[in-house]
Amino acid sequence: MRVSAKSDYAVRAAAELAAAEPGRPVKAEALALAQGIPANFLENILGALRNSGIIRSQRGADGGYLLARDPAEVTLADVIRAVDGPLAAVRGEAPEDQEYPGPAARVVDVWIAVRAALRTVLETTTLADLAGGVLPTAVEELLARPDAWSRR
């Protein structure tokens, strides 16, 4: 799986907002600086997160961006879907919409299993988890596997 720059930046910006003082807006420039995200790129990401209802903006001199929901209720899957669409797509379509002949027939099942594995991590990890520095047990167990850190 390839994580797009857009998804990476969106998760990092959302984690910054989750760690911010509740009720206090954070300016886009501060988010960009804190996470080393190009400001122009971040503005588009913040727009997508706002349109999806994950964040909200507040105007004025003390304005900026805030989470629109409790960080414990926002999963990484929510953030990624807001900026990049479905977690696992095959050529832009749902895995179950694929059909392959002969010995490749079970490839569809593999793509569906990959999506399920992604969901296991991304739908159980919340912005509160990131902000608090504590990941769900299932994620920690995956990280503890020696093969998790293999670069192949």
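Biologist: How much space lies in the largest pocket?

Modeller: Rolling a probe the size of a water molecule over the atoms shows where empty space is left. Here, the largest pocket holds about 580 Å³. A pocket is an open set of points on a 1 Å grid over the protein atoms alone, where a 1.4 Å probe fits, with protein on both sides within 12 Å along at least five of seven lines; lining residues have an atom within 4 Å of a point. Its volume is the space filled by probe spheres set on the points, which are joined across faces, edges and corners. This is a predicted model: local features need pLDDT of at least 70, side-chain atom pairs count only at pLDDT 80 or more, and totals for chains, interfaces and linings use all residues. Residues are numbered from 1 along each chain as its sequence is written, and side-chain values use heavy atoms, leaving out hydrogens and water.

Biologist: Which residues line the second largest pocket?

Modeller: Its lining consists of M1, P86, L87, A88, A89, V90, P95, W111, V114 and L118. The volume of this second largest pocket is about 210 Å³, and its lining has ten nonpolar residues, with no polar and no charged ones.

Biologist: Is W111 buried, partly exposed or exposed?

Modeller: Buried means under 20% relative accessible area, exposed over 50%, and partly exposed in between (1.4 Å probe, protein chains only). W111 counts as partly exposed because its relative accessibility is 34%.

Note on methods. Ala, Val, Leu, Ile, Met, Phe, Trp, Tyr, Cys and Pro count as nonpolar, Asp, Glu, Lys and Arg as charged, and the others, Gly among them, as polar.
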